[in-house]
Amino acid sequence: MRSRPFLMEFDLVARCAFVELGYGLPHDPEIGPLSSDTSYVGLSDQFPLFESESVDVRAALPHFDWPLLVLSGDRDVRTPRSVAEYVTANSPNGVLVPIEQHGHSALDTAQPLALRSIHHLMESTTPVPHELKDLRASRSMIARLISLRFGFAKALPKRAS
């Protein structure tokens, strides 16, 4: 779990992830059938024990009285779409902005979407779903290169070693 700037800055977030967010704990079925928690179980003994979230976000969602855009990539296995749907369904001003063909941390590779989202929030008092139809991101160059690489690997015969 070494740190990789803009990809995985584990050194900056690991303590918070294990102590407050419960990384390495058994999977919570409330967030859906997809479990990405197991990769952290083996690391949990390197950090202080889970205490609890400093804020119960689920209980606080109904009190979020500000405009809330939840950007969610349809290929996100770290925070599945079901989590984004839960957040928007339980906050009074929450609106889901689905990002097609993107995974987790889509804003790292879709900066124009981030800027359009911020602009939308600055111009609006409340997000309205029909106003969000243009908030989409094209696939990043990195995502396209990875897909191309997988395509080549699938199409070309394996070399004998």
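**View 1. β1, α3 and β2 form a right-handed β-α-β unit.** Right-handed means that, with the strands pointing away from the viewer, the path from the first strand over the helix to the second runs clockwise. Helices (H or I, at least four residues) and strands (E, at least two) are DSSP runs, numbered from the N terminus. The model is predicted: local features need pLDDT of at least 70, side-chain atom pairs count only at pLDDT 80 or more, and totals for chains, interfaces and linings use all residues. Residues are numbered from 1 along each chain as its sequence is written, and side-chain values use heavy atoms, without hydrogens and water.

**View 2. β1 pairs with β2 (residues 94-99) in parallel.** Six bridges join the two strands; pairing requires at least two DSSP bridges. G73 has I99 of β2 as its bridge partner.

**View 3. The largest nonpolar core has seven residues.** They are A60, L61, F64, L68, V70, A84 and V87. Such a core is a set of buried Ala, Val, Leu, Ile, Met, Phe, Trp, Tyr and Cys residues joined through side-chain atoms within 4.5 Å. Buried is under 20% relative accessible area, exposed over 50%, partly exposed in between (1.4 Å probe, protein chains only). β1 (68-73) and α3 (81-90) each supply at least two core residues.

**View 4. V70 and its contacts (heavy atoms within 4.5 Å).** Neighbours within four places in sequence aside, V70 touches A84, V87, T88, V95, L96 and V97.

**View 5. Helix α5 (residues 111-123) has a buried face.** L113, A114, S117 and H120 are its buried residues. Exposed L115, M122 and E123 sit on the face turned away.

Technical notes. The expected span of a helix is 1.5 Å times one less than its number of residues. The arc is that of the directions from the helix axis to the C-beta atoms.
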